[in-house]
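Thanks for making time this morning.

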Amino acid sequence: MMTLWGRKSSINVQKVLWALSELALIEGRDFERIDAGLHFGVNKTPEFLALNPNGLVPTLRDGELVLW
Ligand SMILES: N[C@@H](CCC(=O)N[C@@H](CS)C(=O)NCC(=O)O)C(=O)O
């Protein structure tokens, strides 16, 4: 399952959610979303920075592929 890191209040996360929606991909079925950024934190942890060294959301992982 794909994983999307990002808070829904982020316009850039919303763009990815829109794209996933256009592809008929459903949260909970085809991808999971983890709240990250601002008060949620997460995006400055070593684990997250290993995925996205910019420490920004959205970040999307699909198997071995990480997009940011
Ligand atoms: N062009 C940026 C877009 C990502 C971006 O600017 N994300 C913002 C939210 S829209 C962010 O992560 N801000 C820090 C935070 O939310 O903690 C990129 O290179 O990924």
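Predicted model: local features only at pLDDT ≥ 70, side-chain atom pairs only at ≥ 80, totals over all residues.

F48 counts as buried because it has 20 C-beta neighbours inside 10 Å; a residue is called buried here if 20 or more other C-beta atoms lie within 10 Å of its own, exposed if 12 or fewer, and partly exposed in between, with the C-beta atoms placed from the backbone. Residues are numbered from 1 along each chain as its sequence is written.

F48 is located in helix α2, residues 46-51, where helices (H or I, at least four residues) and strands (E, at least two) are DSSP runs numbered from the N terminus. Leaving out residues up to four places away in sequence, F48 touches W5, A36, V42, N43 and G55, and a contact here means that two C-beta atoms, placed from the backbone, lie within 7 Å. Between F48 and K15 there are 20 Å from C-alpha to C-alpha, at 33 residues apart in sequence.

P58 sits in the loop between α2 and β3, and, apart from its neighbours within four places in sequence, it is in contact with L4, W5, G6, S10, N12, V13 and V16. The C-alpha atoms of P58 and L17 are separated by 9.5 Å, although these residues are 41 residues apart along the chain.

Let me step back to the whole chain. In sequence order the pattern is β-α-β-α-β-β, made up of 2 helices and 4 strands. Of its 68 residues, 21% count as buried, and among contacts with a separation of 6 or more, 58% come from residues 24 or more positions apart. The radius of gyration, taken over C-alpha atoms, is compared with a globule rule of 2.2 Å times the number of residues to the power 0.38; a compact globule of 68 residues would come near 11 Å, and the protein chain, at 11 Å, agrees.

How do the strands pair? Strands count as paired if DSSP finds at least two bridges between them, and β1 (residues 2-5) pairs with β2 (residues 31-34) in the parallel sense over 4 bridges, with R33 as the bridge partner of L4 in β2. β1 also pairs with β3 (residues 59-62), this time in the antiparallel sense over 3 bridges, and there L4 has L60 as its bridge partner, while T3 has R61. From β3, 3 bridges lead on to the antiparallel strand β4, residues 65-67, and in the hairpin of these two strands, with 2 residues between them, G63 takes a positive phi near 65°.

β1, helix α1 (residues 11-22) and β2 form a right-handed β-α-β unit, right-handed meaning that, with the strands pointing away from the viewer, the path from the first strand over the helix to the second runs clockwise.

Finally, the ligand: which residues are around it? They are S10, I11, N12, G37, L38, N43, N54, L56, V57 and W68, each with its C-beta atom, placed from the backbone, within 6 Å of the molecule. This shell divides into 5 nonpolar, 5 polar and no charged residues, where Ala, Val, Leu, Ile, Met, Phe, Trp, Tyr, Cys and Pro count as nonpolar, Asp, Glu, Lys and Arg as charged, and the others, Gly among them, as polar.
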